[in-house]
Amino acid sequence: MSTAFKAALIQLNAGPEVGPNIDLGITLIREARGAGADFILTPETSDLLEPSGEALMAKVRHEADHVGLRRYRDLAKELACWLSIGSFLIKTEDQRPSNRSFLISPRGEIVARYDKIHMFDVDIPDGQSYRESKRFRPGECAVIAQLPWGNIGLTICYDLRFPALYQTLAKEGALFLTVPSAFTRLTGSAHWHALLRARAIETGSYVLAAAQCGTHARGRETYGHSLIVSPWGEVLADGGEEPGFVMAEIDPQAALAARAMIPSLSSGRSFSGPAL
């Protein structure tokens, strides 16, 4: 395990066309690298936020044909940095898109992929309704990858509400956890900070959550507030409500110290169900 490093979160306001979203992402990634970031992370659906299912299907591409993935891989190699693509929408073998994260090395190589497991099938009190399971193919496998500074566990957005996934990743050695998101404004204002801090505290991990922000096509609103949270639950960086980036120093030793102080990952006990 190496020494401390700087992580940067890119905050986007993605629209329904891939090209402009990738262009802005590249601009902000360059700025973050210029500011000293070693590891740069983008939000969920960094390639497009398209509300129309028919239009979405016309725009998604297979991994080999995704121009944004190719450009981001070239960028990581050019800048010699680690890059986490929060997610792109990738056409799969059965033609349904997968909401897929990519971890890219400074050599431009894809070293890990993660398909979002938990589908956002929710009716929001403000009138918005989401049925991701009708559009997307859910993932089935948790994913951990190696960084120079320690292991990282990959998750996406709605996964945040399922703590068992984060417990599993941490128990398997992840010191850092990604939560790229496009949280709705309503649920974000109520739960975003609390859930991210909880996942960090209960696992003794750094949580790196790059987010979409602002108003998108057809009035969809996302919360923003990309957060870097320490293993002790302290918010180290908050991206606010506008596109840009935030950065903080990450010390792997702090995760190990938090786990040693409160060893809940190793001291849990099995128990039987409640009697009726």
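A: The structure holds zero disulfides, a disulfide being a pair of cysteine sulfur atoms within 2.5 Å. Cys157 is accordingly in no disulfide, and the nearest cysteine sulfur, that of Cys213, is 14 Å away. This is a predicted model, in which local features need pLDDT of at least 70 and side-chain atom pairs count only at pLDDT 80 or more, while totals for chains, interfaces and linings use all residues. Residues are numbered from 1 along each chain as its sequence is written, and side-chain values use heavy atoms, with hydrogens and water left out.

Cys157 is buried, with a relative accessible area of 8%; buried means under 20%, exposed over 50%, and partly exposed in between (1.4 Å probe, protein chains only). Cys81 also counts as buried, at 1% relative accessibility.

Another buried residue is Thr187, at 14% relative accessible area. Thr187 is found in helix α6, residues 185-203; helices (H or I, at least four residues) and strands (E, at least two) are DSSP runs, numbered from the N terminus. The Thr187 side chain makes a polar contact with that of Thr184 at 2.5 Å, a polar contact being a pair of N or O atoms within 3.5 Å, of which, within protein, one must be able to donate a hydrogen and the other to accept it, with residues adjacent in sequence counting only if both atoms are side-chain atoms. Leaving aside residues up to four places away in sequence, Thr187 touches Ile124, Arg161 and Trp192, where contact means heavy atoms within 4.5 Å.
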